Amino acid sequence: MIEKSTMATRAKSNTMRALDDIRGGFDQRELWLYLGWREIKSQYSRSIIGPLWLTLSMGMMVLGLGVLYSEILKIDVANYLPRLAIGLIVWGLINGIIIGACRIFSVAGGAMRQIRMPVSMFIFQFIWSQLLVFAHNFLVYIIIAVVFLMNPGWNVLLFFPALLLVVLSGFFISMILGPLCARFRDVPMIIGSVMQIVFFMTPIIWSADQMPRRAWVLTANPFYHFIEIIRDPLLGKTGTALNWTASIGITIALGAIATVFFARYRARVVYWS
């Protein structure tokens, strides 16, 4: 009885320390905002257009795949290109967070061993850098919207809560994958391979309407829901209740799991990194 009480007290204490760490990491926002921007900028140092290479690279991929697959799938390019562009841009954000989350603490290991600071500060910095990449890629959608005279109307406002759900889920998944991948160095390779398969199983190049008989495959795919709640508002739609309910439910579940996991293993991250 006394042992159970001690374990419950220890778990509560670890949770409080984890929440204090997250609060402390957020308070360091001036530092991680600067470091996140410097990380992106340093990748394109001495380049003429700098981080706009991100925009150019995404634009070329959207144009190439858009023209090719609109012909293969027999879809009007004016309808296909905006949908493909948003799908690729959102997938870039999700894939970048999941793949990059595996390297957060292995990359920051040196700094963590030399300077005492909240572990979550490095997660905030990482998520911020991914958002900067997303912002550069998002310029491709704006250009396409102007070229094709798109007017999503007031439904476009749903883009902001949808993006918030994706970012929150990305933060929570980083709290799990960061320590996990620092401890088990084979996990990043496994996740990288899985994400390549998931890309083709998610309606990014193709449309969900093209698979009515296998709807359960889409329903079971969490990436489908997150992509749709961002893509639909940018196309003038609201998104389905299923997409929103699934996305909110997944975010809440991830938050609960991440809090428990981070509380349990946060203190060991420095030794694993």
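**Pocket, core and helices**

Mentor: The largest pocket has a volume of about 860 Å³. A pocket here is an open set of points on a 1 Å grid over the protein atoms alone, where a 1.4 Å probe fits, with protein on both sides within 12 Å along at least five of seven lines; lining residues have an atom within 4 Å of a point. The volume is the space filled by probe spheres set on the points, which are joined across faces, edges and corners.

Trainee: Before going on, what kind of model is this, and what cut-offs apply?

Mentor: This is a predicted model: local features need pLDDT of at least 70 and side-chain atom pairs count only at pLDDT 80 or more, while totals for chains, interfaces and linings use all residues. Residues are numbered from 1 along each chain as its sequence is written, and side-chain values use heavy atoms, with hydrogens and water left out.

Trainee: I clicked on Asn 137. Where is it, and is it buried or exposed?

Mentor: Asn 137 lies in helix 7 and is buried, with a relative accessible area of 8%. Buried means under 20% relative accessible area, exposed over 50%, and partly exposed in between (1.4 Å probe, protein chains only).

Trainee: What is Asn 137 in contact with?

Mentor: Leaving aside neighbours within four places in sequence, Asn 137 is in contact with Leu 54, Thr 55, Met 58 and Ile 89. Contact means heavy atoms within 4.5 Å.

Trainee: Now the core. How many residues has the largest nonpolar core?

Mentor: The largest nonpolar core has 70 residues, and among those with the most contacts inside it are Trp 91, Phe 105 and Ile 191. The largest share of this core, 14 residues, comes from helix 4 (residues 77-101). A nonpolar core is a set of buried Ala, Val, Leu, Ile, Met, Phe, Trp, Tyr and Cys residues joined through side-chain atoms within 4.5 Å.

Trainee: And what does Ile 191 touch?

Mentor: Not counting residues up to four places away in sequence, Ile 191 touches Ile 98, Ile 99, Cys 102, Leu 177 and Cys 181.

Trainee: Why is helix 4 called largely enclosed?

Mentor: Because 19 of its 25 residues are buried, helix 4 is largely enclosed by the rest of the structure. Helix 4 reaches 35 Å from its first C-alpha to its last, close to the 36 Å expected. The expected span is 1.5 Å times one less than the number of residues.

Trainee: Where does helix 8 bend?

Mentor: Helix 8 bends by about 25 degrees at Ser 174, the bend being the angle between axes fitted to the seven residues ending there and the seven starting there.

Trainee: Last topic, loops. What is the phi of Lys 74?

Mentor: Lys 74 has a positive phi of about 60 degrees although it is not a glycine. Lys 74 sits in the loop between helix 3 and helix 4 and is exposed, with a relative accessible area of 67%.

Technical notes
Helices (H or I, at least four residues) and strands (E, at least two) are DSSP runs, numbered from the N terminus.
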